[in-house]
Amino acid sequence: MTATKTRPKKVQQSTESTTVKENMSKITLNQLVQNEISRLAKVQGLDTATLRAFAQFVVENHKKDSKPKPPKVVKPEKVKPLTLAQLKKAIFGYFAVKDVKELKKSGSFAMATSGMEKLDFSKKDGWEKLYRKFIGVLPGEENETGYGCINGINIFKYDLVWKAFGLDPETATSEDIKSAYRELSKVYHPDIPNTGDAQVFARLNVFYKSLNQRF
Amino acid sequence: MAELYITSQKLVETLKIATQDLIETEQFFDSIQDDEWELTEGKDYKVVNKTSGLREYTSSGAYTIARYLEATQKQTFWQRLTEWITHTREEIRKAFVKKHILDNSSSLVKRNGLFFVSRSDLIAIFKTKSVYLKKMAEHTQTTQYPLIEGEDFQDLVDEGGLYYSLAGIEKLSRSFKECQSKKNRQEWCGDVGEVAKPQVDAIVAEIQNREKRIQSAMDKAKKRDGNTCQVTGQKKNHVNKLKLAAHHLYSQNGYPYLADVENNLLTLVPEVHEQFHQDYLGGTQKPCTIDDFIKFVQDYYPSNTRIIIWLNAQKQVLGNHQPTDQRKPHVLYLPASRVM
């Protein structure tokens with residue numbers, strides 16, 4: 001009898017203790033906590049259900065780190081640099097030679113590089129310099145930022161005048177060139193505070209004069 | 001282009017055959033007349049030594065022999081010959097371009113470590129017209145890598161206009177090659193971009209050597225004259241430490257090709273040298289001849305009959321010369337300071 005009397009009570013208690021309001025997960029609150037909830041509800045005149053929900057929240061989250069998580073840094077996709085063989089192939093193609101021996105003998109190579117510093121053919125760096133000078137932008141150096149980089153091009157490493165000016169050589173008019181130069185001057189003229197730079201401006205001047213030359 | 005002749009020796013080397021093979025082939029061709037295999041004198045070959053019958057072949061004659069050897073020996077003689085002829089023709093063509101550069105680069109100058117030639121010289125080198133060079137330069141400017149001021153071209157105010165560097169000429173050469181429709185013009189303009197640098201290097205080396213040769217001739221003339229002024233008789237010794245000048249009888253600027261000729265030099269004390277150039281002629285830049293100096297000595301040092309006789313003898317040796325155009329001296333006679 002006792003058993004039958006007490007059982008429904010236990011079930012009721014259990015239901016009360018484990019029923020979580022709305023979307024809360026079901027966490028069993030022990031007797032101690034439940035007693036405290038009852039006491040506070042009585043003394044402070046608070047809603048038992050609210051206190052129980054709060055207790056549930058505390059039990060569920062008290063170990064979690066309260067600091068806001070930093071946003072996930074998306075690593076830029078690693079650009080694969082050209083291999084030495086790929087660099088050489090591009091240079092050989094440009095000068096219509098088969099190998100380094102022929103390249104060194106090539107008259108047009110000697111002419112085209114006559115203004116360059118002495119090249120070290122044993123190092124990749126030398127081939128990269130040639131690539132920049134005659135072929136185009138090296139993988140990983142597109143949209144470069146930092147000192148000397150304008151419109152994604154490092155003007156000290158590349159002679160890519162049109163890219164630096166952000167113009168299309170096929171369609172640009174002399175007015176477009178002038179306008180692009182004027183805009184860049186507003187940023188890089190040495191008299192402009194913070195952004196002005198004598199070296200950058202001198203290089204831009206060379207670029208402008210080159211495109212503006214009446215041959 | 002003139003007919004290309006290949007010597008028998010070169011033909012043997014090119015076809016990689018024995019001399020005897022060529023002799024037997026020639027005998028075979030000559031033995032049976034009017035058959036499939038014919039070599040016609042004048043058209044296919046010329047006899048360079050009538051006694052031995054040694055021949056030099058035209059390309060048609062050489063090809064006929066290669067075709068015969070290929071048919072009888074089943075080897076790639078044709079290809080070997082084609083390679084040789086193509087290569088030789090290319091070398092001959094490049095030699096013409098080099099000569100043309102030599103004759104049209106009197107504006108050559110070195111600035112900031114780069115060699116430049118004037119726009120007008122470049123027009124001549126490319127065998128083009130002013131308007132077309134302009135067009136090609138403008139075309140180059142629309143490419144990814146345009147001509148860059150200071151690197152590829154420069155407005156040299158002191159030289160009177162636009163100059164192109166070797167790197168700039170190479171870029172222009174590519175544009176010419178791309179835009180020309182005629183094969184021979186493509187080849188010529190392409191060759192300019194190939195041979196200009198070695199040719200300029202050779203020219204510069206010659207200019208520097210010439211400077212050394214002039215100095216050497218001056219030293220020899222002074223030694224010949226016993227370090228003694230041939231007009232006043234003053235002799236250099238360790239006490240007076242006289243600085244003697246070697247005077248060019250035909251001046252360097254008017255007759256540059258005689259500048260390193262010892263017979264064209266005479267030892268003088270600086271006072272007499274100065275007196276002749278400044279006072280008598282009116283300036284060191286004015287060209288002078290041996291006749292001017294003979295007249296000067298006769299007028300101012302008439303008692304020195306020995307030198308007057310010597311000068312007249314030298315006049316016979318040196319002969320009469322016409323001064324070169326000082327506005328456009330040949331590149332080989334440019335002062336070394338211009339290309340150093």
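Modeller: Buried means under 20% relative accessible area, exposed over 50%, and partly exposed in between. The model is a predicted one.

Colleague: Is Asn227(B) buried, exposed or partly exposed?

Modeller: Asn227(B) is found in the loop between helix 8 and strand 8 of chain B. Its relative accessible area is 30%. Buried needs a value under 20% and exposed a value over 50%, so Asn227(B) is partly exposed.

Colleague: What is the phi of Asn143(A)?

Modeller: Most residues other than glycine have a negative phi. Asn143(A) lies in the loop between helix 7 (124–134) and strand 1 of chain A, and is exposed, with a relative accessible area of 66%. Although Asn143(A) is not a glycine, its phi is positive, at about 50 degrees.

Colleague: With which side chain does the side chain of Asp225(B) make a polar contact?

Modeller: Asp225(B) sits in the loop between helix 8 (183–224) and strand 8 (245–248) of chain B, and is buried, with a relative accessible area of 10%. Not counting residues up to four places away in sequence, Asp225(B) touches Gln230(B), Leu266(B) and Thr267(B). The polar contact, at 2.7 Å, is with the side chain of Thr267(B).

Colleague: How far apart are the end C-alpha atoms of helix 4 of chain B?

Modeller: Helix 4 of chain B covers residues 77–103, which is 27 residues. At 1.5 Å a residue, the helix should span 39 Å. The model agrees, because the end C-alpha atoms are apart by 39 Å.

Colleague: Is helix 2 of chain B roughly parallel or roughly perpendicular to helix 3 of chain B?

Modeller: The axes of helix 2 (residues 19–31) and helix 3 of chain B come within 11 Å and cross at roughly 100 degrees. Angles of 65 to 115 degrees count as roughly perpendicular. Therefore helix 2 of chain B is, relative to helix 3 of chain B, roughly perpendicular.

Colleague: How many nonpolar residues has the contact of helix 2 with helix 3 of chain B?

Modeller: Helix 2 of chain B contributes Leu22(B), Thr25(B), Phe28(B) and Phe29(B), and helix 3 of chain B contributes Thr64(B), Ile65(B), Tyr68(B) and Leu69(B). By class, the contact has no charged residues and two polar ones. The number of nonpolar residues is six.

Colleague: Which residue caps the N-terminal end of helix 10 of chain A?

Modeller: Helix 10 of chain A consists of residues 198–212. A side-chain oxygen of the capping residue lies 3.0 Å from the backbone nitrogen of Gln199(A). That residue is Asp197(A).

Conventions: Residues are numbered from 1 along each chain as its sequence is written. Chains are lettered from A and ligands numbered from 1 in the order in which they are written. This is a predicted model: local features need pLDDT of at least 70, side-chain atom pairs count only at pLDDT 80 or more; totals for chains, interfaces and linings use all residues. Side-chain values use heavy atoms; hydrogens and water are left out. Helices (H or I, at least four residues) and strands (E, at least two) are DSSP runs, numbered from the N terminus. Buried means under 20% relative accessible area, exposed over 50%, partly exposed in between (1.4 Å probe, protein chains only). A polar contact is a pair of N or O atoms within 3.5 Å; within protein, one must be able to donate a hydrogen and the other to accept it, and residues adjacent in sequence count only if both atoms are side-chain atoms. Contact means heavy atoms within 4.5 Å. The expected span of a helix is 1.5 Å times one less than its number of residues. Axes are lines fitted to C-alpha atoms, for helices over the stretch in contact, and angles run from 0 to 180 degrees between N-to-C directions. Angles under 35 degrees count as roughly parallel, over 145 as roughly antiparallel, 65 to 115 as roughly perpendicular and the rest as oblique. Ala, Val, Leu, Ile, Met, Phe, Trp, Tyr, Cys and Pro count as nonpolar, Asp, Glu, Lys and Arg as charged, and the others, Gly among them, as polar.
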